[in-house]
Amino acid sequence: MNELSLNKATLLNALTNEDGVIAALAIDQRGALKKMMTKHKGEDITDDDIIRFKQIVSEELTQYCSSILLDPEFGLPAANVRADNAGLLLAYEKTGYDASKEGRLPDLLEFWSAMRLKEQGADAVKFLLYYDADEPEAINNKKQAFVERMGSECIAQDVPFFLELVSYDAKIADANSKEYARVKPHKVISMMKEFSNPRYHVDVLKVEVPVNMKFVAGFSSEAESVYSEREAAEYFCVQSTATPLPFIFLSAGVEATLFQETLRFAKLAGSTFNGVLCGRATWAEAVEPFICEGEQAAREWLRQQGRQNIAELNQVLKETATSWQQRLM
């Protein structure tokens, strides 16, 4: 594992709460957010709509978070109105991927660099990588070299590198299917092991939980399960020991209560995860009032339900997550 520089450690502390836990809000969505808005407005969504919504979320919710993840394309105005207590992560990747090409290959924002993100006040650089551990070496070798370049940039700028890993199977179309649930633990854990290699200079992994909780026996109402509770717990434990790096969970768009129960399950299983970057589970339902009723309606939702979502999540984190520093001792 790489040894953290003093500056990187200082910046990581700026992203955490008083317990050393990353309790971050994610609203770096671009294409996905536009689709959510389009559902309520049709094809008339403008860049200003996206920018303004991010600003409102930042203004209303960052006082309750340790940090916020934004994109430099639409999110810099939101970064400028975040609460003084909230650190800043900025995304470096283009939104989505080219579905016409094999491998879900990554790409960077054309007019940005780790240096430029740092100049905008970023306490950390985040990069999203779609990864199938079982794809041909010719594809994964490209992705590995790509991440090496990211890590080297962040070393040069002395800024923490957050790598977000999203698993998939090139032969399974639906990542929420029972078929994918069977292979998900292998996919998630394998890629975590790969990118924990010091050659990538990753400082924090942002990852999925290792199972689809909807297919855990006794945990949901699905008619058929894929894992028993004991098997699911073992996967959480194996995931936690698969990396020496601090790691945090992404919410993957699941509803807030399911995400909170998942964190409790992870804790009971023995996972020593170090926080979350929670996005849509916190603010998604504010999109409809923003588009249909206006800014004030969105603010009212965020001040009530949005704030409650974060308060409940913060309480769960206090009960379940561990300080990132403990993983480096």
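Predicted model: local features only at pLDDT ≥ 70, side-chain atom pairs only at ≥ 80, totals over all residues.

Is D28 buried or exposed? With a relative accessibility of 8%, D28 counts as buried, where buried means under 20% relative accessible area, exposed over 50%, and partly exposed in between, with a 1.4 Å probe and protein chains only. Residues are numbered from 1 along each chain as its sequence is written, and side-chain values use heavy atoms, with hydrogens and water left out.

D28 sits in the loop between β1 (22-26) and α2 (31-41). Here helices (H or I, at least four residues) and strands (E, at least two) are DSSP runs, numbered from the N terminus. Leaving aside residues up to four places away in sequence, D28 touches K54, L69, L70, D71, A91, E93 and K126; contact means heavy atoms within 4.5 Å.

Let me turn to Y97, which lies in the loop between β3 (87-91) and α5 (114-119). Y97 counts as partly exposed, because its relative accessibility is 34%. With residues up to four places away in sequence again not counted, Y97 touches R104, L105 and Y130. Y97 and A232 are 135 residues apart in sequence, and their C-alpha atoms are 30 Å apart in space.

A232 brings us to helix α8, where A232, F236, Q239 and S240 are buried. Seen down the axis of α8, the buried residues fall within an arc of 100°, so they line one face of the helix; the arc is that of the directions from the helix axis to the C-beta atoms. The face turned away from the buried side of α8 carries the exposed residues R230 and T241. The buried residues of α8 pack against α7 (178-194), β6 (204-207), β7 (247-250) and α9 (256-269).

How do α8 and α9 meet? Their axes, lines fitted to C-alpha atoms over the stretch in contact, come within 8 Å and cross at roughly 80°, on a scale of 0 to 180 degrees between N-to-C directions. The two helices are therefore roughly perpendicular to each other, a term for angles of 65 to 115 degrees. E229, A232, A233, F236 and C237 of α8 make the contact with T262, F265, A266 and A269 of α9.

Definitions and conventions
Parallel < 35°, antiparallel > 145°, perpendicular 65-115°, else oblique.
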